[in-house]
Amino acid sequence: MRYGFDATTGKIDPFAAELPEGPPPPSVLILNIWPQVDGGRFGIKREIGDEVELWADIFKDGHDKIAAQILFWPAGSDAVEFAEMAFVDNDRWSGAFRPDAIGRWQYQIIAWPDLLATKRDEIVKKFDAGIDISLELREFDVLLEQVVTGNPDAAETVDSLRRQIAQRPTMGEKVAIVTGLDSIAALRPWRDLGGAAYSPVFEVMVDRVRARFAAWYSMFPRSAGTVEGQSGTFADVEARLPDIAQMGFDVLYFTPIHPIGSTNKKGKNNTLISTDEDPGVPYAIGSALGGHDAIEPTLGTLEDFHHLVSESARWGIEIALDIALQGSPDHPWATTHPDFFTVRPDGTIKFAENPPKKYEDIYPLSFDTDAWRELWLELERVIRFWVAQGVKTFRVDNPHTKPTVFWEWLIRRVHADHPDVIFLSEAFTRPKVMHALAKAGFAQSYTYYTWRTARWEIEQYLQELTSVEVSQYMRGNLFTNTHDINPYHLQNGGIPMFKSRFVMAATMSSVYGIYSGFELGEATPVPGKEEYLNSEKYEYKVWDWDRPGNIKYLIETVNRARRDHPALQEYDNLRFHSADDQRLLTYSKVDADADDRILCLVSLDPVNPLNTWIHLDLAELGLVDGLPYHVTELISGNTWIWTGGHQSVQIDPAIEPVWVLSLSTTT
């Protein structure tokens, strides 16, 4: 940076003792760059194979021509690549680049006065007006000399061009050489003759496609067993893999698998009194057998876990682990690092609280401790330990109760060596806090979809989640339910409500999840609470996974449609359409490149049939009004031919409360 001048902002310090030495500062302005997040404080997100399209307002004083490029490179690398930007209109320019590897990439825009193009334009205008251009041709030759002076490699190209101009006998022929496409292309690499302006450097996190497109199945591995009162094992989980894969899930998420503490162990239904038969809550992590880098022995050994990871991969499933940064009173940290926790004036460690709830079996970590450096490094060690065991996806419990700056540090550190690791934020908290965690590096985020029930609030919320602004950094994972949340609409709506909520989650977002038992219609509540009665958080459970009334056929069918239809694999292409009946949700997802269109009709009334009109935006669907199109309902297999955007539909939740329609202009 020259004295008094900031090359990034293009600003001169008006109070500097003197104006800067050297040439004048760049007069090109690069403004309103898109996309960016918080002025570049955080990076945008993309997946491998995606094109990153940039827009900016680029101009300068006067009428000089401008050239602009995108510079992009893997973070920490000197291997800079270039992509041309093109003028659109009204000083708006656009360009795109395609990162060819996962990980963090950086990019910026460079723009400069294109003196060669400006002189060509002047020559053409004057020649066409019948004005003598001898001097302009000499000025063009001076520019060619500048090209050679700054770029010795251009000497041969410039010499060839000069000879061609000199050999042409007429001015018209000389102009043809100067302005010809071959000459323009030959000089393109050396157009920058000074005065270049640079934008700030921005970042893009390029994830695996599974960060955007995945179907999560959540379970307690100890509930995979077949013997009442006894923990299931990793081997029992392996026996369940064919069924989970058949339903179409590709991420299998486990609640914590670590040793469980015995101090203040919870009993059935969260009672404070337990027996020797009670297994304790998996979130009360740590015992004499180890902490976050150990395995609860009733589940199996580390070798058994390795076998499960390998066997899951054979079925196209990857294991996701729950990372809950807390410990039971028996956790080794409570002895070796009591300074990782909050020590009260009487010398005791403070239990977890969320008044009026108390968690006497858990010590929360303190990120305000003087030992914060040791704590951060220890938590990084834990994550790296499980990555070394083959885990590449983590669901993080309550990340909003830990500093966002910690997550930004941790995720960036892990990604430096393992850019394929995916972090899911389980943060049911204030929207801006959820957004900040996504910006800090979480690839996916839980959402409030679980509680959105009316049509207007579903539309409003999903439009926010998939908006152009929010989708730059946040991918909403639509969980229908969780082991902590048994929503009232599932308690009261019966199987039709389970079907509707599942289809909405699986088709409105490209990434979604269910908690095991959902496929069975399980919703037995603690009266008056959004909690499960006899929850497997507190006891061993044995399930009949083929229980009558299950909706496994629907889950399998919809997940197959997700794999077969590219439109359902994108996150930000959700569009809502109108229906006369407010109980009917109507939306579409379109992939124009694949000529793929999906239209979903979902009844929000689990009891009463609907007979109403829908009104489709044919332009959004890539269809032409007046031309027929073929409609295939992917669940039933029924087909129709529709014409126009106004259609009458009848949906009976007793038969099927949802239609998933594929629209095609060909048979």
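Two strands are said to pair here if DSSP finds at least two bridges between them. With that settled, let me turn to the structure, which is a predicted model.

I begin with strand S28, residues 628-633, and its partner S29. These two run antiparallel and are joined by five bridges. Within the pairing, Thr632 has Thr639 of S29 as its bridge partner. S28 and S29 form a hairpin with five residues between the strands, and there Gly637 adopts a positive phi near 85°.

S28 and S29 are part of an open sheet of eight strands, with antiparallel pairing and the order S29-S28-S31-S26-S25-S24-S27-S30. Which strands stand at the edges? They are S29, residues 639-643, and S30, residues 646-651; each has a single partner strand, so one side of each lacks a neighbour in the sheet. From one strand to the next, the twist averages 30°.

Further along the order, S24, covering residues 574-579, pairs with S25, covering residues 584-591, in the antiparallel sense over four bridges. Leu574 has Lys589 in S25 as its bridge partner.

Two helices lie across this sheet. Helix H12, residues 455-465, lies across S24 and S25 and runs at about 155° to S24. Helix H13, residues 488-508, lies across S24, S25, S26 (596-603) and S31 (658-664), and its direction is at about 25° to S25.

S6, residues 66-74, and S7, residues 81-89, are antiparallel partners over four bridges. Ile70 stands opposite Ala83 of S7. The hairpin of S6 and S7 has six residues between the strands, and Gly76 in the turn shows a positive phi of about 85°.

S7 then pairs with S8, residues 92-97, again running antiparallel, through four bridges. Here Ala86 has Ser94 in S8 as its bridge partner. In this hairpin two residues separate S7 from S8, and Asn90 has a positive phi near 50°.

On the H1 side, the contact is made by Leu115, Leu116, Lys119, Arg120, Glu122, Ile123 and Lys126; on the H2 side, by Glu136, Leu137, Glu139, Phe140, Leu143, Leu144 and Val147. By class, the contact of H1 with H2 comprises eight nonpolar residues, six charged and no polar ones.

The second pair is H6, residues 234-247, and H14, residues 552-564. Their axes come within 7 Å and cross at roughly 60°, which makes H6 oblique to H14. Asp243, Gln246 and Met247 of H6 meet Lys552, Ile555, Glu556 and Asn559 of H14. How does the contact of H6 with H14 divide into nonpolar, polar and charged residues? Two are nonpolar, two are polar and three are charged.

Thr404, Trp407, Glu408 and Ile411 of H10 make the contact with Ala436, Leu437 and Ala440 of H11. The contact of H10 with H11 has five nonpolar residues, one polar and one charged.

I close with the aromatic side chains. With ring centres within 6.5 Å as the criterion, the count comes to 38 aromatic pairs. One of them is formed by Phe394 and Phe423, which are stacked at 5.7 Å centre to centre with 25° between the planes. The pair links distant parts of the chain: Phe394 belongs to strand S19, residues 393-397, while Phe423 belongs to strand S20, residues 422-426, and the two are 29 residues apart.

Key
Residues numbered from 1 in each chain as written. Predicted model: local features only at pLDDT ≥ 70, side-chain atom pairs only at ≥ 80, totals over all residues. Heavy atoms only, no water. Contact = heavy atoms within 4.5 Å. Nonpolar A, V, L, I, M, F, W, Y, C, P; charged D, E, K, R; others polar. Axes fitted to C-alpha atoms, helices over the stretch in contact; angles between N-to-C directions. Phe/Tyr/Trp six-rings, centres within 6.5 Å; stacked < 30°, edge-to-face > 60°. Parallel < 35°, antiparallel > 145°, perpendicular 65-115°, else oblique.
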